[in-house]
Amino acid sequence: MNIKDKDITFVVQGPIQASKEREQISGITEQCLASIRHYFPESKIILSTWKNQDYSGLDYDQLLELDDPGSNDIFQDDQKVTLNNNRQIYSTHQGLKAVRTKYAVKLRTDNKLTSRKFVELYETYSKLIRNEKFSFFNSRVVTSSTFFLTSHSGQKVHFHKSDIFDFGETSDLLKIWREDFIPKLHFSKVQGYKSRYPATEQFLSLNWLSKLVGKSLHINNKSGDDAGLGENFWDMFVANNLIVDAPEKIGLDVTDRFYDRGNLSLELDLTDWKQLNCIEKRTWDRKKIIRTIKAIERKVIMLVRGR
């Protein structure tokens, strides 16, 4: 397989300037677009952003000036939290709807490319044999390990797919980035060891996954909650529909805003993905040691507490 530049369209989505809701590196969108031109000179760029912004000096092929759909609210018990999920969904979906090539990239306006490695990764693994029962996409989608967590405090985490970057068939990206907004969600915290409310990545994933499985999915806890799909469903979904690796390994610069993110040892990467596909097992590296220690710590504390 050899995917040509002209068969890929980049949907660069999000705000161009910083705002009260979101800080941004000066000139980062210009750098983002320039990086695409450098590594993919024959690819089309669609800039999907909001009206009334300054586009001067930016290099793109098509501009979508969208009406801002506004923020969305979720409730963690009685606490209201205001988020920008629907803005991301809307700008990405509208951009992908305008794509006319077989392949597409979803890229934030505040990230940039450092290589073509995500295409090489796709070409290497997209045709790996799949389990039809768990294959919801036409082909696998390459995504970043950034915030793609496998566990929390020693307990398995489901549905924590990164929303930073996606590459694959346009029709598959449209299954992830549907036009369905996040409704007002209510979460009731489950009591337990280091219990946490579900993360943004989780309810974003459940929003589109609900459409794929044909039923409404909801969780109340960040870890140990499989939304009734079964303990192994998410692992099987990841193995058969995604290809995951660290941003620097796929040619993505998430910029210093995300360089020092926590829980790096808990992020799912290509080695984890290969293990899910029975290609190879993870050796006793730093990630596996830290994860094992956290799992043992949890078991000991639960045993002491009599649970």
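In which sense do strand S4 and S5 pair, and over how many bridges? Let's start there. Strand S4, residues 72-76, pairs with S5 in the antiparallel sense. The pairing runs over 5 bridges. One of the residue pairs can be named: glutamine 76 has glutamine 79 in S5 as its bridge partner.

A word of caution before I go on. This is a predicted model.

Now, the sheet around that pair. The sheet is open and has 3 strands. Their order is S5-S4-S12, and the pairing is mixed. Which strands stand at the edges? Strand S5, residues 79-83, is one, and strand S12, residues 185-187, is the other. Each has a single partner strand, so one side of each is left without a neighbour in the sheet. Neighbouring strands here are turned against each other by 25° on average, direction ignored.

Next, strand S2. Strand S2 covers residues 44-50. Is S2 mostly covered or mostly open? Mostly covered: 6 of its 7 residues are buried. Look at its partners. Strand S1, residues 8-13, pairs with S2 in the parallel sense, over 5 bridges. In that pairing, valine 11 stands opposite isoleucine 46 in S2. Then there is strand S3, residues 62-66. S2 and S3 run parallel, and 5 bridges join them. Tryptophan 50 has leucine 66 in S3 as its bridge partner.

On to the pockets. I will take the second largest pocket. Its volume is about 490 Å³. How many residues line the second largest pocket? The count is 19. Nearest its centre lie Thr150, Ser151, Asp272, Gln275 and Arg291. Several elements give two or more residues to this lining: strand S10 (155-156), helix H6 (233-241), helix H9 (270-276) and helix H10 (286-304). Which element gives the largest share? That is H10, with 4 residues. By class, the lining has 6 nonpolar, 6 polar and 7 charged residues.

Stay with helix H10 for a moment. Isoleucine 289 lies in this helix. Its relative accessible area is 38%, so isoleucine 289 counts as partly exposed. Now compare positions. Isoleucine 289 and arginine 37 are 252 residues apart in sequence. In space they are 41 Å apart, C-alpha to C-alpha.

Here is another pair. Threonine 124 is found in helix H3, residues 117-125. Is threonine 124 buried or exposed? Exposed, because its relative accessible area is 53%, and the cut-off for exposed is over 50%. Threonine 124 and asparagine 2 are 122 residues apart in sequence. Yet their C-alpha atoms are 10.0 Å apart in space.

Last topic: cysteines. A disulfide is a covalent bond between the sulfur atoms of two cysteines. Cysteine 278 has a relative accessible area of 73%, so cysteine 278 is exposed.

To recap. S2 is mostly covered. H10 gives the largest share of the lining of the second largest pocket.

Notes:
Residues numbered from 1 in each chain as written. Predicted model: local features only at pLDDT ≥ 70, side-chain atom pairs only at ≥ 80, totals over all residues. Heavy atoms only, no water. 1 Å grid on protein atoms, 1.4 Å probe; cavity = no way out; pocket = protein on both sides within 12 Å on 5 of 7 lines; lining within 4 Å. Points joined across faces, edges and corners; volume = space filled by probe spheres on them. Nonpolar A, V, L, I, M, F, W, Y, C, P; charged D, E, K, R; others polar. Pairing = 2+ DSSP bridges. Axes fitted to C-alpha atoms, helices over the stretch in contact; angles between N-to-C directions. Buried < 20%, exposed > 50% of the residue type's maximum accessible area, 1.4 Å probe, protein only.
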